[in-house]
Amino acid sequence: MSSFPSGPIQLVEGRALVVAGEDIDTDRIIPARFLKCVSFDALGDQVFADDRKELNGEHPFDQARFQGALILMVNGNFGCGSSREHAPQALMRWGIRAVVGVSFAEIFFGNCLALGIPCMTAAPDQIKAIQALVQADPSRSWSLNLEEMKLSTEEESWEVAVDSGPGEMLRSGRWDATSQLLDNGPQVDALMEHMPYLNGFQAVL
Amino acid sequence: MSSGTLYDKVWDLHRVTELPGGSTQLFVGLHLIHEVTSPQAFAALKDKGLTVRCPERTVATVDHIVPTISQQRPFEDPLAEEMLSTLERNCAQHGIVLNGLGSGRQGIVHVIAPELGLTQPGMTVACGDSHTSTHGAFGAIAFGIGTSQVRDVLASQSLAMNKLKVRRIQVNGQLTDGVSAKDLVLHVIRTLGVKGGVGYAYEFAGPAIEVLSMEERMTICNMAIEGGARCGYVNPDQVTFDYLNGRVHAPRGEDWDRAVAWWSSLASDADAVVDDEVVFNASAIAPTVTWGITPGQGLGIDESIPMPESLEVGERPMAEEAYRYMDLQPGTPIAGVPVDVCFIGSCTNGRLSDLRAAAAVARGRQVADGIRAFVVPGSEQVAKAAEAEGLDQVFRAAGFEWREPGCSMCLAMNPDRLEGRQISASSSNRNFKGRQGSASGRTLLMSPAMVAAAAVHGRVTDVRSLSTQPDL
Ligand code: SF4
């Protein structure tokens with residue numbers, strides 16, 4: 001498995017796999033019983049645990065032909081429900097480095113961004129076509145280019161989208177927000193000095 | 001673009017600066033933490049050699065993993081014990097107040113922060129928990145965050161956010177007898193869909209919202225996230241101020257008067273512009289029950305499981321999955337569906353007024369044979385107040401178990417869980433596959449009074465068909 005994302009994220013290249021379906025919630029990505037942990041380390045094996053058990057080896061995350069895939073192709077509202085970062089952590093620890101779908105739940109999107117995992121969108125019919133290609137040939141190599149905003153195979157390419165802010169954060173390697181936030185400590189101080197509820201509700205300047 | 005809304009005003013007040021990536025650095029006024037989503041954040045802080053910037057702006061409790069039968073330490077489950085002791089250690093080390101078991105202030109994070117007066121109008125409230133939207137009931141901007149953001153807030157008391165659009169959910173008319181805030185919000189989600197609110201903050205407004213108590217407003221805002229809206233809010237008014245007055249962390253004396261004046265000024269202006277508006281008629285809403293595997297698959301109690309052809313094409317695959325998983329046939333009336341387990345509790349409906357509503361149904365009745373029914377107060381304060389009114393006795397006499405406070409079977413990270421294919425009537429907020437602890441367990445979401453009605457009949461029942469005797 002490649003190491004966890006770091007630095008600028010401009011290109012994700014590798015094989016892909018598909019988890020089809022609308023509204024796949026984070027309880028399905030990582031069932032609640034696996035949240036009983038004080039570290040994320042073991043989550044990679046537990047991703048989609050209940051779905052995988054139900055499908056008895058036939059779930060894409062279990063099928064031999066999809067092992068080593070880096071790009072996950074999904075449908076609409078992926079990652080809805082609970083805010084648990086355990087969900088993207090579990091995907092990342094399994095090996096996922098980018099997700100492409102019709103739409104993403106906001107908190108999930110933000111959690112992925114904080115890990116350096118781009119969640120890119122494309123139109124429903126394009127996603128369908130892309131998913132069909134992945135299913136037809138799991139060994140096909142895909143390239144997700146965040147500079148050109150394109151998802152490509154050797155033969156074809158599709159436009160993908162992400163909001164400009166997050167896109168820029170990924171491309172520039174500034175997706176790990178902590179250091180930026182800390183840089184602005186003095187502005188936080190200034191704001192706190194005038195925040196009514198921190199100052200006896202005196203008039204705001 | 002919205003303008004002049006409470007959302008805009010609170011956003012502007014908390015905006016630290018624009019970040020190079022285009023998002024906004026937003027100051028967090030109140031940060032709530034619990035044992036599930038904080039340990040990895042503290043670990044990351046340590047890895048980076050960082051400290052907690054404003055320990056006094058972070059408040060902790062323990063709720064998800066606590067057992068509800070015996071809270072004796074150490075817990076029977078060593079993993080649960082490890083999670084709590086990790087939280088205790090982290091809080092002690094960083095000077096963060098932990099409202100722990102037996103403190104008189106412990107409970108579900110979204111229940112205790114309001115009852116302690118920590119949640120106030122005009123604040124930004126963040127917590128590593130999606131139901132943080134609850135706190136919007138006070139006219140706060142409150143939203144769930146992931147563990148990386150918990151780390152960011154601990155380190156910087158701020159986070160990177162993008163501004164949402166505002167949709168006003170205008171609810172005209174009045175709810176009728178037997179129809180609760182839970183029914184209203186299930187109806188809204190059923191109508192707009194579970195992803196209808198993605199990208200929006202929901203402003204709940206109108207005559208039906210204005211008459212709601214704070215606890216009812218919390219129920220509604222709590223479930224905004226189930227409709228895809230990361231936050232929901234109600235403009236602060238006299239109901240808000242009356243609730244807050246005298247609470248432990250509420251302002252006092254002259255501070256109080258200034259606070260009320262400031263809070264009042266934050267409400268959306270009469271001519272505020274919202275990005276979207278949807279109008280509902282409260283009087284047309286019936287007690288509402290979910291039949292499927294998303295909170296949007298809801299039905300009025302007098303309706304039947306929808307036929308696939310009556311649904312929009314896009315909704316059919318999820319409905320097909322729900323028929324199969326729930327083992328419910330299209331065309332079956334929802335009233336009369338048998339249940340196995342009845343759960344009253346959670347951050348949606350585990351407050352005193354919820355327990356009163358359920359007790360009014362349970363009083364003088366008996367839980368049906370073969371049904372397991374239990375009541376889990378949302379906090380130690382709720383438990384104490386309910387016991388002072390004798391609600392625990394009402395429930396016990398009717399055959400319900402009366403438990404210790406916690407999240408319990410809302411997501412079953414503790415011993416409270418469904419077994420096998422059991423089906424529950426539940427006052428919580430999520431009916432996802434496997435949510436209540438069994439990978440094949442099934443959940444019907446409804447109001448606490450409706451859960452009590454299901455418990456005494458052993459099947460889904462229109463609470464309006466039972467007489468209630470709240471004063472007996
Ligand atoms: S009661 Fe349920 S939804 Fe609320 S915080 Fe606990 S687990 Fe989450």
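This is a predicted model: local features need pLDDT of at least 70, side-chain atom pairs count only at pLDDT 80 or more; totals for chains, interfaces and linings use all residues.
1. **Extent of the chain contact.** Chain B puts 74 residues into its contact with chain A, and chain A puts in 55 residues. The two chains bury about 5,200 Å² between them. Carbon and sulfur atoms give 60% of that area.

2. **Charge pairs across the chains.** Nine salt bridges are counted between chain B and chain A. One of them joins B:Asp77 to A:Lys36. The closest N and O atoms of that pair are 2.6 Å apart.

3. **Polar contacts and the face of chain B.** There are 22 residue pairs in polar contact across the interface of chain B and chain A, both residues of each pair being at pLDDT 80 or more. On the side of chain B that touches chain A, helix H5 (residues 147-156) gives the most, with seven residues. That side of chain B is made up of 32 nonpolar, 24 polar and 18 charged residues.

4. **Domains of chain B.** Chain B is assigned three stretches: domain 1 (24-161), domain 2 (165-284) and domain 3 (288-465). The C-alpha centres of domain 1 and domain 3 of chain B are 27 Å apart. Their contact takes 27 residues from domain 1 of chain B and 22 residues from domain 3 of chain B.

5. **What holds the record between domain 1 and domain 3.** The buried area between these domains of chain B is about 2,000 Å², with 56% from carbon and sulfur atoms. Zero salt bridges are found across this interface. Polar contacts are present: the count is 15 residue pairs, both at pLDDT 80 or more. Helix H4 (residues 109-115) of chain B gives the most to the domain 1 side, with four residues. By class, the domain 1 side has eleven nonpolar, 13 polar and three charged residues.

Methods
Residues are numbered from 1 along each chain as its sequence is written. Chains are lettered from A and ligands numbered from 1 in the order in which they are written. Side-chain values use heavy atoms; hydrogens and water are left out. Contact means heavy atoms within 4.5 Å. Buried area is the accessible area (1.4 Å probe) that two parts lose on being put together, summed over both. A salt bridge is a side-chain nitrogen of Lys or Arg within 4 Å of a carboxyl oxygen of Asp or Glu. A polar contact is a pair of N or O atoms within 3.5 Å; within protein, one must be able to donate a hydrogen and the other to accept it, and residues adjacent in sequence count only if both atoms are side-chain atoms. Helices (H or I, at least four residues) and strands (E, at least two) are DSSP runs, numbered from the N terminus. Ala, Val, Leu, Ile, Met, Phe, Trp, Tyr, Cys and Pro count as nonpolar, Asp, Glu, Lys and Arg as charged, and the others, Gly among them, as polar. Domain bounds come from an automatic or database domain assignment.
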